[in-house]
Each structure stands twice: as structure tokens, then as C-alpha cells.
Amino acid sequence: MSAFRGFLTRLMTHPATILAAIAVLFFGAPFLSNGTVQILGFLMLNILLAQSMNLLTGIAGQISLGHAGFYGMGAYASGILMKTVGLPFLVTVPAAAMIGALTGYLVSFPAGRVREFYLAMMTLAFGLIFREVVREWDGLTGGAVGLSGVPSTTLRNLTLFGFTLDALDYFRLVLIVTAIVMWLVHNFIQSRFGRAFYAIHASEVAAGCLGIPRAGTKRMAYTLGAGMAGLAGGLYAHMIGYLGPESFDLARSIEILVTTVVGGLGSMAGQILSAIVFTFLPEKLQVFAQYQFIVYGLILAFTLILLPRGLAGLLLLPPRFIKPASLKHVTPADVAIQPVRSDFDSTLVVEGVTMRFGGLTAVDDVSLELHPGRITALIGPNGSGKSTLVNVISGIYQPTAGTVRFFGQAITGLADHRIAAAGLLRTFQDPRLVPRFTVRENLLLGAHRRYRASALATTLNLPSAAREEAAFLATVDAVTRMAGIVDVADQPLESLPYGYRRLVEVGRALLAQPRAILLDEPAAGLSEAEMTLLARMIRAMKEAGLMVLLIEHHMDFVAELVDDVVVLDSGRVIYHGDIQGMRQSPAVIEAYLGAPDTDAGPGDSGLETAHA
Ligand code: ADP
Ligand code: MG
């Protein structure tokens with residue numbers, strides 16, 4: 001089965017097959033009946049809509065329950081601009097895409113302050129309101145009766161560059177537009193943008209800590225998704241020359257969503273399969289027309305239970321987020337960690353930080369400093385506030401009191417992605433990676449902030465963008481060598497044992513080229529061999545001049561590496577100094593070690609709860 005999946009995937013994604021399919025449709029269309037050509041035209045629109053929903057829901061993890069509204073915005077915009085205002089096709093259809101995009105942007109505007117659920121409700125509300133406005137605003141939209149007489153191929157009054165387009169010309173045009181849009185979307189998904197969308201989908205907190213802004217990314221997803229739907233609407237308007245509100249109601253929105261889920265969330269090829277099914281199926285299901293919702297409900301339930309990853313999960317390999325071509329151009333020999341300039345001894349300064357959760361003081365008036373090229377261990381029993389302190393420094397929590405300064409600038413209260421962008425990276429006590437990404441894709445995510453190529457250059461796959469991707473892939477190679485994970489670089493992370501995840505997470509933070517790195521129990525759960533690899537990475541960080549904060553229980557591991565030690569107990573600093581001194585400190589012995597020179601492994605210290 002997996003050999004078959006591989007074959008079908010290569011077939012469906014091979015440029016030769018794609019060009020051949022386009023050519024067959026383009027040159028074969030004259031031999032088909034008018035009715036068939038029109039259905040194929042609708043198929044193209046359904047593909048565009050499914051791709052749009054896939055980008056938004058499958059890739060970025062955001063839900064749209066009003067997609068027909070964005071589609072309708074485009075359709076009415078192009079229809080009205082041409083019929084009433086008299087603008088040409090070359091203006092009205094791009095305008096339809098822009099108006100759809102603007103609507104998507106506005107609907108998703110609250111993304112910074114609200115949960116996904118709320119945005120989904122916003123799209124639902126938008127879809128419902130759109131339909132009512134169309135029905136009520138007779139003068140502009142023709143109301144419930146609909147807008148007829150839109151210049152179209154059916155009426156033979158649609159012109160482009162002075163030529164009158166017939167149904168066949170128009171199908172060919174829609175085919176080419178669909179192919180180009182798919183190529184652009186494909187470039188976009190297999191780039192840092194698609195990876196960032198998917199990272200937001202997998203874990204907003206982890207994405208934020210890599211410098212990926214969650215609100216901006218979600219807005220971008222809604223804007224692009226709605227823009228594509230608007231484009232499909234603009235094309236639809238001139239296919240039949242009539243627009244009625246019922247073409248853009250909730251049922252249509254649900255149909256688009258069902259198409260995408262059945263195709264397989266995340267898979268572009270799956271969307272094509274599913275769009276084919278849902279374009280031709282309704283013809284066969286005419287008898288059930290009045291039970292439309294029941295049929296869609298059953299199809300959806302059936303899919304979710306039996307094929308959670310849709311047709312794509314059944315027939316195709318999982319989608320990838322790096323262009324295969326980029327992998328071929330990687331130049332070997334790159335350094336894993338660029339040395340950090342440390343000509344001035346600015347540091348990470350934590351001053352009097354207190355963090356309260358209700359009545360509980362998790363971190364109590366803690367002050368400490370990190371220095372370039374030095375490793376500071378943060379130790380203390382479970383529940384002593386170590387992770388909470390890291391969460392405060394990295395911007396996940398706003399401290400109750402105190403300040404954090406980084407290179408002289410107060411960063412307290414800044415959004416996590418801004419702190420990451422300033423070069424302060426962290427890892428999590430429970431690794432937060434993208435399970436469906438390969439090791440390589442996960443690592444590359446770390447470099448997100450360092451890319452300079454614009455979204456446009458990336459989407460057009462310009463040589464500058466491709467070169468940049470190849471350069472970061474070379475750094476990824478160097479990091480996989482240092483972390484000892486070369487062999488698994490192209491395996492999906494979810495298929496790997498736990499130890500690899502820790503190494504990948506540390507490596508991912510390094511790809512951000514941090515100036516300071518906070519490691520929350522990076523050695524927990526590692527084998528001896530993996531610990532050696534981790535120690536090598538941490539030493540390399542020190543040599544490159546990074547400030548390193550290392551939370552660790554494993555005393556032997558800590559003793560070999562660290563320069564300074566800070567011990568926390570019940571949220572307070574009870575010791576600050578070197579490791580020898582710590583072993584003799586009565587306060588530390590009492591609170592944590594029990595006796596000098598014992599190895600207090602995580603197992604000794606009771607239940608570990610992972611927050612953040
Ligand atoms: P450590 O990492 O040192 O084991 P933590 O920082 O995870 O300790 O936790 C310190 C204390 O703060 C614990 O008592 C924990 O239960 C509490 N705590 C941590 N995060 C939260 C939170 N988000 N809400 C409430 N209590 C929390
Ligand atoms: Mg912890």
C-alpha cells in the first residue's frame with residue numbers, strides 16, 4: 001500500500017504529469033460537449049475553493065464557516081463592477097480577489113486577542129450577514145431575485161482584449177488561472193511561510209517562541225484564503241451570467257469545508273481528488289437534493305471516523321514542507337552555530353522577578369544574570385519555579401513584579417515572538433515540535449526569523465529565495481551532524497523515540513542563531529549517548545559566545561558543563577555561586593540534595609508537572 005501511495009504521490013506531483021493533465025484539458029476541451037466543459041469549469045472553481053480552504057484550515061489550522069461569503073464577495077464584486085460600473089474583466093476579477101482578501105483580513109482582525117473558536121464564529125457570522133445583505137440590498141445585488149445580465153460567456157458579451165470569449169475560451173482561461181494559483185500556493189506552502197502556518201497550527205506557544213507572530217500569521221492565512229475564494233467568485237460570476245444569494249449560503253460554506261476535510265487536511269493533491277468527487281457527485285445525487293445536509297453530514301462523519309486524514313491519507317504520502325529541488329542544491333560544510341559578537345559584556349539581567357498564580361508565589365523576587373560565553377545552571381526541586389522563571393523571561397507570562405533586560409533593553413511584557421526575534425530563545429520541558437514535520441522541517445522552522453526573501457519572491461520561487469532556502473538547509477545539515485541526528489533527518493518527528501525530540505528541539509533553537517538560550521531540562525529522558533551529544537552542543541554554544549541557562553537535575557551532567565549555579569527553592573534563590581560552593585551550602589543540602597555529591601535524578605524528586 002505504501003509503495004502504491006508513493007507511486008501515486010510522485011505521479012500526481014510530477015511536473016510532467018501536471019503539464020500533461022493541463023494540456024489534455026486545454027486541447028481536449030473542444031472535443032467535449034458544452035455541458036461537460038461547463039462542469040469542468042466548475043471543477044476548476046471547486047479546486048480553487050478547496051485549495052483556499054486547505055491553506056486556511058489544513059495548513060494554518062484556522063476554521064472558516066463562511067467561506068461561501070468570501071466567494072460571494074468576489075462574485076458580486078466582479079459582477080457589479082463589470083455590469084454596473086462597466087470595468088473590464090482584467091480589472092474586475094483581480095478586484096474580486098482583493099476584495100475577498102480585504103474581507104478576510106477584516107474578519108480575522110481580532111486574531112491577536114481571541115481564541116480560534118472566536119474567529120471561526122466570526123466567519124460564520126460574516127457568512128450569514130453577507131447572505132442577508134445580498135438579499136436585502138436589492139438596488140445593488142438584485143436581492144433575492146438575483147443579479148442577472150452579468151457579462152458572461154452564456155450571454156456572449158464577455159470580452160477580453162476586444163475578443164468575445166465563448167464557453168471554451170473561458171474554460172481555458174479558468175484552467176490556466178487555476179494552474180497558476182496552485183503553483184503559487186504550492187511554492188508558498190513549501191517555504192518558511194507554509195511552515196510557519198503549520199507551526200501555528202501545531203503549537204502557537206512554540207511558534208511564538210521561535211519568533212513567529214501568531215496574530216499576524218493567522219491574519220495572513222485568512223487574507224490569502226479569502227482572497228483565493230474571492231478570485232474563484234470573480235471567475236464564477238462570468239461563467240453563467242447570473243448570481244443568486246442561494247449560491248453563497250451556509251450550505252455552500254459547509255460543502256467547501258466538507259470537500260477540504262474529505263480531500264485530507266494539508267494535502268493539495270488530496271484537494272484535487274476531493275474536488276473531482278464533489279463536482280461530479282451532486283449530479284449523481286440529484287435524487288437526494290432535499291437531503292443535502294444529511295448526505296454531507298454522513299460523508300463528513302464517515303470520513304472523520306474511517307479516514308481521519310481524508311482521501312490523501314488513504315492514497316498519498318503526507319505532504320512535505322520543503323521543496324525537493326531545494327534539497328538538491330544544498331552546499332555542504334556550514335558551521336552549526338555562528339559565533340556571537342561579544343565585544344561588549346551586555347547580559348541578560350533578571351531583576352526582582354516575582355510571579356504569582358492566585359495565592360501561589362511560584363517565583364519570588366528572583367535576580368540573576370547571564371553572560372556571553374558562560375553556562376549558568378538553574379537547579380532546584382520540582383515545583384521550585386524554574387520553568388515559571390523561563391516562561392517569564394521568554395514572554396509567555398507577564399511577571400507580577402520585576403524586570404528582565406536583554407542587551408540593555410527592558411523586555412518584560414513584550415510578546416514572546418518579539419523576545420525571540422531579539423535573539424532570546426528557549427526550549428520546553430515537554431518538547432514542543434511539529435509532530436508531522438520531518439526532523440529537517442522542524443529544524444528549518446527555527447530559522448524562520450532569519451529569512452530575508454519577501455513573501456512575493458518566495459511565492460514566485462525566485463532564485464534569490466531558493467538560494468536563501470538552500471543556505472539555511474546547509475546550516476540544518478551542520479546542526480544535524482552536531483546533534484547526531486543525520487540518519488533521521490527526513491523522518492517524521494512523530495515516528496521517532498523521545499530522545500531525538502529533545503535534540504531536535506535544541507537544534508531548532510540554534511537555527512534561530514540565538515544570543516541567549518534557555519534550556520528547560522534538555523537532558524531529561526535522554527540516554528547516555530544522547531546526553532553526550534547534548535553536552536557537545538551546549539559546549540559549542542558556550543564557545544560561540546552564547547549566554548546559556550541550563551535547567552537540569554542530573555548533577556554529573558551539570559557539574560561537567562557549568563560556570564555558575566543558581567539554586568531555587570520555593571521560588572526563592574537560596575544559592576548563587578559555583579558548583580563546589582553549592583555542594584557545601586547548608587541551605588542547598590537541606591532543600592534539595594539531601595547529602596553532598598548525590599545525583600538527584602528527576603526520579604528522586606516526585607511528580608513533575610509541565611506548565612506553559
Ligand atoms: P519547576 O519547573 O521548578 O519544577 P514550575 O515553575 O513548573 O516548577 O512550577 C512552580 C510552581 O508554580 C508549582 O507549584 C506549579 O504548580 C505552579 N505553577 C506553574 N505554572 C502555573 C500556572 N500556569 N498556573 C498555576 N500554577 C502554576
Ligand atoms: Mg519545570
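Helices (H or I, at least four residues) and strands (E, at least two) are DSSP runs, numbered from the N terminus. The notes below use those labels.

This is a predicted model, in which local features need pLDDT of at least 70, side-chain atom pairs count only at pLDDT 80 or more, and totals for chains, interfaces and linings use all residues. Residues are numbered from 1 along each chain as its sequence is written, chains are lettered from A and ligands numbered from 1 in the order in which they are written, and side-chain values use heavy atoms, with hydrogens and water left out.

1. **The shell around ligand 1.** Which element gives the largest share of this shell? Helix H17 does, with 3 residues. Strand S6 (360-370) and H17 each supply at least two residues. The shell holds 14 residues, and Gly 383, Lys 386, Ser 387, Thr 388 and Tyr 397 come nearest. A residue is near a molecule or strand if one of its heavy atoms lies within 4 Å of it. By class, the count is 5 nonpolar, 7 polar and 2 charged. Here Ala, Val, Leu, Ile, Met, Phe, Trp, Tyr, Cys and Pro count as nonpolar, Asp, Glu, Lys and Arg as charged, and the others, Gly among them, as polar.

2. **Contacts to ligand 1.** Look at the oxygen atoms of the ligand. One is 2.5 Å from an N or O atom in the side chain of Thr 388. A polar backbone atom of Gly 383 is 2.7 Å from an oxygen atom of ligand 1. For Ser 387, a polar side-chain atom lies 2.9 Å from an oxygen atom of the ligand. Taken alone, ligand 1 exposes 560 Å², and the protein buries 78% of that. Such accessible areas come from the Shrake-Rupley method with a 1.4 Å probe; for residues, only the protein chains shown count as cover.

3. **The magnesium ion.** Which protein atoms are donors to ligand 2? They are OG of Ser 387 and OE1 of Gln 429, lying 2.1 Å from the magnesium ion. Ser 387 sits in H17 (386-393) and Gln 429 in the loop between strand S10 (424-426) and helix H19 (439-446), so the pair ties together parts that are 42 residues apart in sequence. Donors are N, O and S atoms within 2.8 Å of the metal (3.2 Å for Na, K and Ca); water is not among the atoms, so sites may look incomplete. Both Ser 387 and Gln 429 are buried. Buried means under 20% relative accessible area, exposed over 50%, and partly exposed in between (1.4 Å probe, protein chains only).

4. **Helix H21.** This helix covers residues 463-483. Its 21 residues should span 30 Å at 1.5 Å a residue, and its end C-alpha atoms are 30 Å apart, which agrees. The expected span of a helix is 1.5 Å times one less than its number of residues. Gly 484 follows H21 and has a positive phi, near 70°.

5. **Helix H22.** Is this helix mostly enclosed or open? Of its 14 residues, 11 are buried, so H22 is largely enclosed by the rest of the structure. Among them are Gly 499, Arg 502, Glu 505 and Leu 511. From first C-alpha to last, H22 reaches 20 Å, close to the 20 Å expected.

6. **Two residues with positive phi.** Most residues other than glycine have a negative phi. Gln 513 has a positive value, near 50°. It lies in the loop between H22 (498-511) and strand S11 (516-520). At 33% relative accessibility, Gln 513 is partly exposed. Glu 521 also has a positive phi, near 50°. Its place is the loop between S11 and helix H23 (528-543). Glu 521 is buried, at 4%.

7. **His 67.** This residue lies in helix H4 (67-83). Buried or exposed? His 67 is buried, at 0% relative accessibility. Its side chain makes a polar contact with the side chain of Ser 64, at 3.0 Å. A polar contact is a pair of N or O atoms within 3.5 Å; within protein, one must be able to donate a hydrogen and the other to accept it, and residues adjacent in sequence count only if both atoms are side-chain atoms.

8. **Distances along and across the chain.** Leu 311 lies in helix H15 (310-315). Leu 311 and Leu 265 are 46 residues apart in sequence and 9.4 Å apart in space, C-alpha to C-alpha. Glu 560, in helix H24 (555-561), is exposed at 58%.
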